[in-house]
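Here is my note on the model you sent. Please keep the structure open while you read the points.

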2 protein chains.
Amino acid sequence: MKFTIDRLGFMRQLSNVLRAVPSKTVIQILTGIKFDLTDSGLNLTGSNADISIETFIPVTDESMKLQIESTGSVILTARFFSEIIKKLPGETFTFEVKDNFQVVLTSSVSEFTVIGFDANSYPRLPEITDATELEFSSEVFRGLINQTVLAVSAQESRPILTGVHFMINADGLLAVATDSHRLAQRKLDLPVAGNYDFVIPGKSLGELARMLADVQDEIHLKITDNQVLFNFGSTKFYSRLLEGNYPDTTRLIPTDSTTIMQIDAATLLASVDRVSVMSHESRNNVVRLQLNAENKQATLLSNSPDVGNAEENLSFTALTGEVLDISFNPDYLKDALRACGATEIKLAFTTNLRPFTIVPSEDGDYYVQLITPVRTF
Amino acid sequence: MKFTIDRLGFMRQLSNVLRAVPSKTVIQILTGIKFDLTDSGLNLTGSNADISIETFIPVTDESMKLQIESTGSVILTARFFSEIIKKLPGETFTFEVKDNFQVVLTSSVSEFTVIGFDANSYPRLPEITDATELEFSSEVFRGLINQTVLAVSAQESRPILTGVHFMINADGLLAVATDSHRLAQRKLDLPVAGNYDFVIPGKSLGELARMLADVQDEIHLKITDNQVLFNFGSTKFYSRLLEGNYPDTTRLIPTDSTTIMQIDAATLLASVDRVSVMSHESRNNVVRLQLNAENKQATLLSNSPDVGNAEENLSFTALTGEVLDISFNPDYLKDALRACGATEIKLAFTTNLRPFTIVPSEDGDYYVQLITPVRTF
């Protein structure tokens, strides 16, 4: 196995695969990257227990200057190899496998000999062949991930809640996440036949969203019983699915409300962010929102007995309904507002004991978030 | 005590003082910043056991929009206060001390009440009045710090070696640091009368150098038996001096040599940096330099039995003298080369057991570094 390739172009592809490579793992071989060189190009594979990423560099891509002298496969320790490639002096480098899987990397005045491993010791990736294929705009799917994944649970006590629940049927796609204190639900119109119901780990989706930041292509999704495959450009992203039944969340979202405030999301975010500097100083981390439509007053408060207190007057667009005094974790609201982006939003409350909803003022059917208040009396 | 001030301008001054404020300390009051407001302006003080920093915002500085309603003093917890100021919404903010040292901070729609402390509980800064004053260009002094402080010892076993030794006399200024494995010595022509010999902690100098990065003014230095004061712009920087006798280093620097290589510092740095990726994988972290003037060859090598090996051919400007095979810690050479900057340097060797010197090819008298080799046989 021997090839020469453009160094910076290769590093870009390598960095995608590195996302899947764990820095520590009980399966030692997974700290490596697998190289498979055929006459058509170079395939790189990285994997941990949850995610596997494959990327293919075709010999036909002229920008990669890929010159193949002989084909083959080998595994190299990922972090160490990438550190070397990053620092090599030349525009291109040559990668040659010698006896006993030793790999010689040469570039300009540098020569590194690195001990490699037999490619046969690498675990096989799942084969996903007959599954139906769904297609999304990568930008839309990335938005959907970022708007839901914030609400997945960080607690392993109920593993199913660490994922995002996808339901696909004739009505379209519904993605829901909840850690039981808050919930985020995103709808997508989807012209697709068939019924799908699956839960993708939040960590997998977070990694996928970061990769999609630079991707313009469509993204193709294939689902089996325990795996999902996202295919985009020359990259394949595999994730295991979470096993178990996701709780029914459809009836959690309140349909009625008694107090409604419309406000610019960025304005409210700045205020909550400031007040949370104070609430973070106290053990319970709670802020208090007081709404009075008659007096046209909306005030955000926090009090930490040993440190001081904070008060913000909110400039809202509209405030209607009954007087309300409600307390909640400001960090949940900050996450929710960040996920809304630069837009006007509508907060709808019933009592100070029931969850309140946050929706964009326009297009509110498609994105709903829910926050459970904290009882302070 | 009550004043209004430009928020961003104030934050810049505050950030200087924050450099001295420890995040953890046994003397609880030192986690605070002291505010002293007189008719002439606002003074901010921060301090830890080693460094104290004072900065003065004069009422005459129009850019600061300082409006004084009533004078006084108070202490506020530094990190918490600065986090609030950073996030306040207005261009200016008002700072008012109420009963029991409570401070009310108002800015646009925000109002924070923060518990403060009696300014009398703050320790007094040393008074430095009669000492002789020396004057430096802040840029030159910052360069001098950065070129020497890299060689101070990180080990507290010989405290005196954690500082930089300054000797000032009719010949000029000599600054020396060594951790006994390497040494850095910088000379400065200085038209000054008198004799000074003192050792400033490396940590103090590192902090001072970071502050000087934005400073154009001259820097004024005053020395007493146990303190040094650097005065620049409207800032005062105090540091304690290290007690004890610094070892005599004058005879450590070899004057003869048998092999000399001239090479571009950046080229050599890139090569050592790459080879050190390999040496860092082995326990002893050593690279090997082989020089052969007759064959016009200079090679840098590293071998880590479990991982592989690396080899670099160096492109030098000149190589003269005897054949040499010497081993050393590559990180010491990397530090030394970074301190040299973009310039051609001269490395001078005697045997592979004796320290070698690194000097800029031009101006070599003013800056000398020394690295002790590692015996590998």
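1. Which strand of chain B does β9 of chain A pair with, and in what sense? In this predicted model, β9 (residues 110-115) of chain A pairs with β21(B) in the antiparallel sense, over five bridges. Within this pairing, Ser110(A) has Glu312(B) of β21(B) as its bridge partner.

2. The contact between the chains takes 28 residues from chain B and 28 residues from chain A. Together the two chains bury about 2,500 Å², with 56% of it on carbon and sulfur atoms. Phe80(B), Arg274(B) and Val277(B) supply 24% of the area that chain B buries against chain A, more than any other three residues.

3. Polar contacts between chain B and chain A number 16 residue pairs, both residues being at pLDDT 80 or more. On the side of chain B that touches chain A, α2 (78-87), β9 (110-115), α5 and β21 (308-313) of chain B each supply at least two residues. The residues of that side divide into 14 nonpolar, five polar and nine charged.

4. Two salt bridges are found across the interface of chain B and chain A. Lys87(A) forms a salt bridge with Asp273(B), and their closest N and O atoms are 3.0 Å apart.

5. Ser282(B) sits in the loop between α5 (265-279) and β19 (287-292) of chain B. Is Ser282(B) buried or exposed? Ser282(B) counts as buried because its relative accessible area is 14%, and the cut-off is under 20%. Its side chain makes a polar contact of 3.1 Å with the side chain of Asn284(B). Beyond its neighbours within four places in sequence, Ser282(B) is in contact with Asn303(B) and Ser304(B).

Conventions: Residues are numbered from 1 along each chain as its sequence is written. Chains are lettered from A and ligands numbered from 1 in the order in which they are written. This is a predicted model: local features need pLDDT of at least 70, side-chain atom pairs count only at pLDDT 80 or more; totals for chains, interfaces and linings use all residues. Side-chain values use heavy atoms; hydrogens and water are left out. Helices (H or I, at least four residues) and strands (E, at least two) are DSSP runs, numbered from the N terminus. Buried means under 20% relative accessible area, exposed over 50%, partly exposed in between (1.4 Å probe, protein chains only). A polar contact is a pair of N or O atoms within 3.5 Å; within protein, one must be able to donate a hydrogen and the other to accept it, and residues adjacent in sequence count only if both atoms are side-chain atoms. Contact means heavy atoms within 4.5 Å. Buried area is the accessible area (1.4 Å probe) that two parts lose on being put together, summed over both. A salt bridge is a side-chain nitrogen of Lys or Arg within 4 Å of a carboxyl oxygen of Asp or Glu. Ala, Val, Leu, Ile, Met, Phe, Trp, Tyr, Cys and Pro count as nonpolar, Asp, Glu, Lys and Arg as charged, and the others, Gly among them, as polar. Two strands pair if DSSP finds at least two bridges between them.
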